Every structure is written in structure tokens, then in C-alpha cells.
Amino acid sequence: MDRLERYLQSVKKYLPWQRQDDILAELRANLESQLEDNEAEIGRPLTDAEIETWLKQFGPPMQVAARYAPQQYLIGPNIFPTYWYILRMACFWVLVVYSIANAIQIAVANSTWNAVAHAIFFIPSVLVMTAGWVTLVFAVLEYVLANYPQKWPELTSWIDRLPSKVPDIEMDFASGKKPRSYPMAVAGVVFSVLFLIWLLLVPKHPVLMFGPGAQYMNDSPFLLAPVWYQFYWWIVALNVVQLAWRCIDLLRGAWQHPNRAEQIVSKALGLVPILLVLFVPDHVYVMLKNSGADMAHYGATATVINQAIHTSTLIVCAIVTIQLLWEIGRTIWEVSRKRAAAM
Amino acid sequence: MTVAENLYENLRLELRRGCLGLAVLAQLRQEHYGYTLRKALAERGLAIDESTLYPLLRRLESQGLLASEWREEDKRNKRFYRLSSDGEQILAQLLQEWNEINTAIDKINNSGNL
């Protein structure tokens, strides 16, 4: 009996305090009855070892007590899908905003590699913190919905509606094109952000683009013409626009098939910096740092370089223009085909 | 335990979980306290662990399906349970559902053997 009493005291420690005496009294009555039955069956009192074996079968005190506790969830199955969706979205957007903010800060403040490494190593902490806050908010929601479902009925309907909009049926399914998956779309945004960071770091750290050639450019008698600075900022602006579009597509749930109009506008905007370079007055792309002293030695080389860049730009411009016209033509053809099919 | 055995055990427990409440409600048309209820169910072929049965009784009572009272029997205070009037209604509905499922499973199983 002493062992049974000790076992019951152990169970009591883990029971909900409001009901522990009541539960324990009932448990005691049941176990004592069972013990009496067992003893009557074998015709003698159970030994301490036998009682211990029997109690072990009943289960560890903590587990026995836990079964009397009401079922509790930090985040229950009803709101878990919404929680998971919001958690992924929150982590993704925090990562995007954090990356852009740090890239700008590093580019503007002329930061060292240490600052870049620090920003990268801090990413897990930022994600854990975001996940923590989202989990906390949903844990509170779970508590409110479980305990006061009548007080905030609109809360339940609001959670059920998330995400608020289902994506449209994409027309390209008919053409057999495989839709872009969500991880692919997210990867697209992440790589766009990384590319933008790299691009913004280039003016302060030319070695990122030119490698060891950066030192050669520094020591060489040549200087980049101002048009390249305009070209650079156009490229940055284009990447920002494309990144914004990709983010908006993700937010709208329309990542499966990139919008055809967006692709055309992107290509058209991409043509602008090429035209800017192509039509630069006198086709001057590189200049001499010290034109008076170096003209005799490097003047001819500069002319050859400028001519080569102009020819290359002309070829690139032609290719991009053909691509753009092809995209426009294909879009017009598809629209007219759909109209004809609808008639 | 192999993966297949583990899977079977999980499915078996899932299947049993829904039936236990029904069995307890049906058995408690006659008054019992925890231990005698367990014995009565076991005698009819449905063995339930004490650690499952006793909390289940509490839960069914808190849902209003069972009524209970403390009473002395054999010089010992015991908590006796019986089906409440709400419990009777619910039991009737659950038994109907049970019979329908049983019939459907039989039909599905037999049609699969044809």
C-alpha cells in the first residue's frame, strides 16, 4: 500500500491543481479495487516487487496525469495551414527587406567585407525572430479562438479567408508549358536580390566585376566615359523594377506564369540603356586620363577600343530589338488566336 | 517494430479511438465505477487501458454525456458513472452512425471480393 500511495503522490504532482484531489481520490479507489482483485485471484497479498511491476504497467506518473489535462495546442489544426502560409510569407518578405536595406547601407557607407559577412551571418537570427513573432501571434489567436469563439466570430472567418485570393487559371496550361513552382519563383526573387546587392557593391568594389583587371584599369591610362555611369544606374533601376514585379507576382499568387506584358515592358526598358550607349556622341566609351601626354602613345588604342565597343553594342542592340519584336509578334498572334477561338 | 507494424499499430489505435467513447457510453446505460466498467468492457471483448479509460470518463462527463456521484461501497468511496439524458440521445445517434458505417464497410468489402 505504501508503494501505491507513493505512486499516487507522484501522479498528484502533475495533475491540474483545481481537480487534483478529486481525480486522485477516484484513481485511488479504482487502483485499490484492482489491487484487491489481483490479491484475491492469487490468494495472498502482492509483494512490493509485484506491486511495482503492476504500477509500471499502469504508466509513468507524468504520463498518467497528462491524460487528465485538456487537449491543448500551441497552434491547432484549424489555423495551422494559415499559420504556415503566413510564416513562409513573413520570413520571405523580411529576408527581402533585410537584404535590400543592408545592400543599400553597405553600398552607401563604403563598408568593408566584414560588414557584408556580418549582414549574412545575422540572417538566421532575423528569420528566427520573425518566426518567433508570427508563432506568438498565432498562439494568441489559437487561445482566443479556443476559449472565446463566440466573442470574435469575425476572427474565424478572417483566418479562413487567408490567403484572400486564389490564383486565376493560367492560360498557358493549354500550351503544355510547365507552370513555375513556388520555390522556383522564390528562388528567382532571392537571386534578383543577390544580383542587386552585387550590382550596388560594384562602384565601391570594382574587383567584384572586373576581378584582377580592376587594378589594371586603375593603373591604365584609360578612363571610362560618363555614359557608363548613366548605363550603370539604368541597369540598377531595371533590376529594381524587375524585382518589384517578381515580388508583386508572388504577393498576388501569380508566380506560375510570368505576365507577357511584363516581359515585353522589361525587354523594351532593357533596350533604353543599350540605345543610350549606342548613340553616345562621337562613340566615346573610354577616354585618356591625361589626354595631352598620352595621346601620342594611347590615342590609337582608345579609338580601336571605342570602335569595338560601338560595334558590339550595335550587335547587342539588334539582338534585343529582334527579341522584343518577336515577343510582341507572338503576343499579338496569341491574342488574335484566342479571340478567333472565342468567336 | 517494423515500419509496416508501426503503421498498422497507428491505424489500429486511430480506429479504436473513435469506438471507445461509443462502447463506454453504451456500457454506462448501467451504472459503474471506473474499475468495474473496465472489467465489464473486457468481459465483452473490449480491453481498455486504465490510463485511457479513466480520463475518458472525465472527458465524457465534462461534455455532459455522463453523470457521476461519489458513493460508499465496500467501505470505500467510489465515483459512479451513468449515462445522462443528453448522453442517451447522443448514444442513439452514434449507434445509428456506427450501424450505417458497419453496413457500408460490409458492402464495400463484399463488392471488392466479387
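Predicted model: local features only at pLDDT ≥ 70, side-chain atom pairs only at ≥ 80, totals over all residues.
The predictor assigns the complex an ipTM of 0.78 and a pTM of 0.52. For chain B, the mean pLDDT is 91, and 97% of the residues reach 70 or more.

Chain A contains 14 helices and two strands. Of its 343 residues, 12% count as buried. Among the contacts in chain A with a separation of 6 or more, 78% are accounted for by residues 24 or more positions apart. One of the buried positions of chain A is Val277(A), and this residue is classed as buried because 23 C-beta neighbours lie inside 10 Å, where the cut-off is 20 or more. Val277(A) belongs to helix H13 of chain A, which covers residues 260-278. Leaving out residues up to four places away in sequence, Val277(A) touches Val227(A), Phe231(A) and Thr313(A). Thr313(A) is 36 residues from Val277(A) along the chain, and the C-alpha atoms of the two are separated by 7.3 Å.

In chain B, four helices and three strands make up the secondary structure. Along the sequence these elements follow the pattern α-β-α-α-β-β-α. Chain B has 114 residues, of which buried residues make up 19%. Residues 24 or more positions apart provide 43% of the contacts in chain B with a separation of 6 or more.

The three strands of chain B form an open sheet in the order E1-E3-E2, with antiparallel pairing. Strand E1 (32-33) and strand E2 (66-73) of chain B are the edge strands, each pairing on one side only. Eight bridges join E2(B) to strand E3 of chain B (residues 76-83) in the antiparallel sense. Within this pairing, Ala67(B) has Arg82(B) in E3(B) as its bridge partner, and Arg71(B) stands opposite Lys78(B). The hairpin of E2(B) and E3(B) has two residues between the strands, and Asp74(B) takes a positive phi near 50° there.

The contact between the chains draws 12 residues from chain B and 13 residues from chain A. On the side of chain B that touches chain A, two or more residues each come from helix H2 (34-43), helix H3 (50-62) and E3 of chain B. H3(B) gives the most to this side, with five residues. By residue type, the side of chain B that touches chain A divides into four nonpolar, three polar and five charged residues.

Nonpolar side chains tend to be buried together in soluble globular proteins. In the present model, the largest nonpolar core has 26 residues, and those with the most contacts inside it are Val11(A), Leu25(B), Leu28(B), Leu57(B), Leu60(B) and Leu66(B). At least two residues of this core are supplied by each of helix H1 (2-14), helix H2 (20-42) and helix H4 (61-66) of chain A, and likewise by each of helix H1 (3-27), H2, H3 and E3 of chain B. For Leu60(B), when neighbours within four places in sequence are left aside, the contacts are with Gly21(B), Val24(B), Leu25(B), Leu65(B) and Leu66(B).

Methods
Residues numbered from 1 in each chain as written. Chains lettered and ligands numbered in written order. Pairing = 2+ DSSP bridges. pLDDT = per-residue confidence, 0-100. Contact = placed C-beta atoms within 7 Å. Nonpolar A, V, L, I, M, F, W, Y, C, P; charged D, E, K, R; others polar. Core = buried A, V, L, I, M, F, W, Y, C linked by C-beta atoms within 7 Å.
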